[in-house]
Structure formats: C-alpha cells, structure tokens
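Please keep the sequence and the model open as you read.

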Amino acid sequence: MSSILGNSSKKISSDNSLLSAAVGIDDMAVYIPSLYLPLTGEFSRQRDIDPEKLTRGIGVERMAVPDAHEDAATMAAMSLLELMRRCDLQPGDIGKIYLGTESAVDEAKAMGTYVIGMLERVYGSGSFQGCSTVEFKSACIGTTLALESISYWVAAGEDERIGVVIATDVARYPLHSPGEYTQGAGSVSLLVKRDPRIAALEQIYGCFTRDENDFFRPLGCATATVNGKHSNQCYLDAMQGAFASYAAQAAQKGLIAPKRGECTTDWIEHLLFHIPYPRMVEYASAAILRQDWRNSRHWKNVEAEIGVEPEPQNYADLEKYQVDLAGYARSFARSRYFQQAYNAKVKDSAALSRQVGNIYTGSIYLGLASLLELRKVQAKERLCFGAYGSGCSALVFSARAMPGISSVPSRGLFERLERRREISLQEYELLHEGEGKESLNRPSEEFVLARIDHQGYRHYEYVR
Ligand code: HMG
C-alpha cells in the first residue's frame, strides 16, 4: 500500500524563500467560559436523545456556556489579555486589532472599541489610542478573512508593530432545536507578525462563494435560523470548490508540485477545517480526500477496498446514479484507507471542540490550539486550513510550521477545561433565555458586563 501520509516535510525543506519573508501566527491565546453543560446526562434524557448520537454521531461531550456577566466582547478581552501577558506585549506594540464575530453587541460601534476600553482598565486610559480596530462579519469565516487581511498589512512592513486577530462568538440556537447540542462559546486571539514562531502563512487563498440560506440571523433575532442538512451540504460544496482553487494556485505557483501519481494532500501533514461539530470535520475530510485522491496512486487502494465509483455515463436514470454515488461516498468515509488518513491528518484538531462546542468564527483556530496543546505539529510541516462561513463562503489556505514552534509554551487548555464548573440543565436554560441574571461563578480577575444603560451603551469592568 502506498504511504497515506505523504512526505511534505522533505518536499518543502529546500524552499527557504518563504522563510525569509515569513509572516504568520506567532502565538495564540484561548478563552473558554468557566461553565459547561454535559450533553450525555440530564440534557440527553430531557431532550430524549440517545447519548451515543451526541458523542459519536455529532462528536460532542460538553457545551461551554457563558455566565451571566459574559458576552462576546468580554470573552474577546479575556483572550487578548491572556495573549498580551503570554507574549509580554504592551499596548503600543499592537498596530491593529481585527476582530471576527457574528455575535455583535452593537449594529454600528465596533466590538474592538469595547475590547480596547476593557484592556485600558488594565493597561491605563488612552494606552491603545494609536491602535486601529475593525469588526469582520462573514459568519464563521470572518476571522479568517481578518487574518488574511492583517497578514498583508504586516507583510507590507510600513509599521513595525504587530497585528492581533480576535475571534469571539456565542453559538446560540433555539432550545430543543437540532442545533442546540452544537452550541458553544469562546474566543481565540492570534498574534500576527514577521518571523512568527508557530506558522508562516503561504499566502495562497482558494476561495468559493455563493448566495445560500443555509444559516443566518436576521436583525433583532437572538438565535440563528438554520437549515441543518442543507447547511452541511453547502459547507461541503464550498470546501470542495475552495480546495480545488487552492490546489490549482499552489501548483501554478510551484508551492505544491505533485509528480505523477501524487496529489495535493500528499504535500500536507495537517488538514484543519471549520468545526461546527467534530463529526463535520470527518465529513469534510472525506469529501476533500475523495476529490484529491481520485487521480492519484491512492485511488487503486480505495477501489481495492470499496469497489469502483459510479460514473454518470453508466446510468440511464440520473436519480439512481445520485443514490449510488451517495452510497459510494458513505462507503468511502467508512473505508479503512480513508480512516487511516483521517486519524493521521485530521482527527486531533477536533479534540478541544468535543469539550467546548461550536465557537463559530474561532472554531478552526480552536482546532489549531488542539494540535498545539497535543504537540502534534513539527517544524516544516504544512498545515492546510479550510475555513467556512455560512451564507456561504469557504477559504482554503496553508501555513508552514516554523522552527520556533516547539519553544511556544503550552496553554494548559485541556487541564483548564477540566476545572470548569458543571451546571444543571435548568441553570443552562435560564442563562440561554437571558433569565439568569446572577453570575453562577463569582467573577475574579476577569472582565464583566456590569450594565447596559438607558441608551444601550454597555459598561464593562475588570474585577480583581
Ligand atoms: P441531526 O438531525 O441532529 O443529526 O442534525 P442526524 O440525524 O443527521 O445525525 C447525525 C449523525 O449521528 C449521523 O451520522 C447519524 O447516523 C448519527 P452519519 O449517518 O452522518 O454517519 N446518529 C447516531 N450515532 C450513534 N448513535 C445513535 C445515532 N443516531 C444518529 N443513536 C445537524 C445534525 C448538524 C444538521 C444539526 O445539529 C444542526 O442543524 N446543527 C446546526 C447547523 C450546523 O452545525 N451545520 C454545520 C454546517 S454549517 C457551518 O458549519 C456554519 C456554522 O458554524 C455557522 C456559521 O458559519 O456561522 C453552523
């Protein structure tokens, strides 16, 4: 059997041109609320759902729940504060804060200004006045578009300062809906600079966009409207389109140059996808690898295991062809050959998401945090990211792990998630409906939403 893992490290080690001009992710910080709801106990009983469906079929075990004093802005401030402390950054070091969110707290005022206001309670009034900030809204892909944009600003080199990209969201669906068990909340802050320690962006972006009604939140609605099964299909279509575009550009620029029998994913060690729920990452990798392997040496191993893929010219009935093709896709996803590649290149990125749920625009970077915490990425390995945002858009891009990656300290995220407080179904439902006004955990060393005044302006404080 041909090697399923590829050997991109060897293939890319001779290319040092990128390293000299490298811009990318130097470090990251993650904030997850300190409350969680287990999905297998009271929740699955009350909702009459087989726990196996949640842990295996969907892939989640716990849902992160924001406390009464938290919102997307406090979470963003918390992850930024941690990033600044981890990296010993001062406000004057940061030139731009680009913030991706679909949990806006205001229709006009940028969330980043609230975040700066909070940080100034720690670093001093006016300390961020030379830093610009803007909010990126594009469902779950907003943060990735922010990262793309800020990386070009850093690369332009007109300003010595670093850029910060923040993802922050509360994923909220109606109670009792099929989206409910995919909810989560959290924030990720990325430090973007030259000569990054973690990963250098390769600045190739494969894009796919089309107008869809898969998932949206009309003005004034607190929860998203989602056409669940359709949203899965939109995600897969967009990801396949964006990956094809990425592969074509990478080949044209000579970044990835598959020889006879090889394919693009042979040159990639880690595939990270947007994670609305961990199982989706398995569906996405099956779609991408089936597409990528079809004309490579891998395909004979696939056919040896599950037979030949149906082809339209062999069918008089188009419907029958589609049914057989869907069956073949299911067999592919269950095949040993695919599962081996999935376990090697993809699965670990969903480790934190199992304990957190969907954090929307930060989910893909929670995937990166999973790999870093598990120490799965080695210098020179290529990471390929598949970001997705409903509505819908996908962006596929890649980065190469840098030699400094092993020197970046762990964030202890798995241990921190174990220290969270479990809440009851009733406590969760009250918080979800905005009826739980008292904090369940007394705030300490954190930002809180203290009050919203008669004009709708939000007052935040730092509680020591
Ligand atoms: P559902 O009706 O809960 O699930 O919808 P299902 O019936 O399709 O089952 C899911 C899997 O569980 C299936 O596995 C079942 O067989 C299995 P598969 O057949 O595919 O291999 N299953 C079981 N397994 C073990 N034991 C059992 C059992 N029963 C069933 N007893 C859905 C799932 C995701 C649609 C729903 O939760 C939903 O609507 N979620 C919200 C939307 C969403 O997350 N969509 C994902 C793509 S869109 C996206 O990613 C963007 C987003 O992040 C937002 C943004 O961009 O801003 C959402």
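## Terms and ground rules

Buried means under 20% relative accessible area, exposed over 50%, and partly exposed in between, with a 1.4 Å probe and protein chains only. This is a predicted model, in which local features need pLDDT of at least 70, side-chain atom pairs count only at pLDDT 80 or more, and totals for chains, interfaces and linings use all residues. Residues are numbered from 1 along each chain as its sequence is written, and side-chain values use heavy atoms, leaving out hydrogens and water.

## Aromatic pairs

Rings of Phe, Tyr and Trp (its six-membered ring) pair if their centres lie within 6.5 Å; planes under 30 degrees apart count as stacked, over 60 as edge-to-face and the rest as tilted. The whole structure holds 21 aromatic pairs. In one of them, the planes of Phe-332 and Phe-338 meet at 35° with ring centres 5.5 Å apart, so this pair is tilted. Phe-332 and Phe-338 are both buried.

Now look at Phe-385 and Phe-397, a stacked pair with 4.8 Å centre to centre and 5° between the planes. Phe-385 and Phe-397 are also buried.

## Around Thr-101

How accessible is Thr-101? Its relative accessibility is 1%, so Thr-101 counts as buried.
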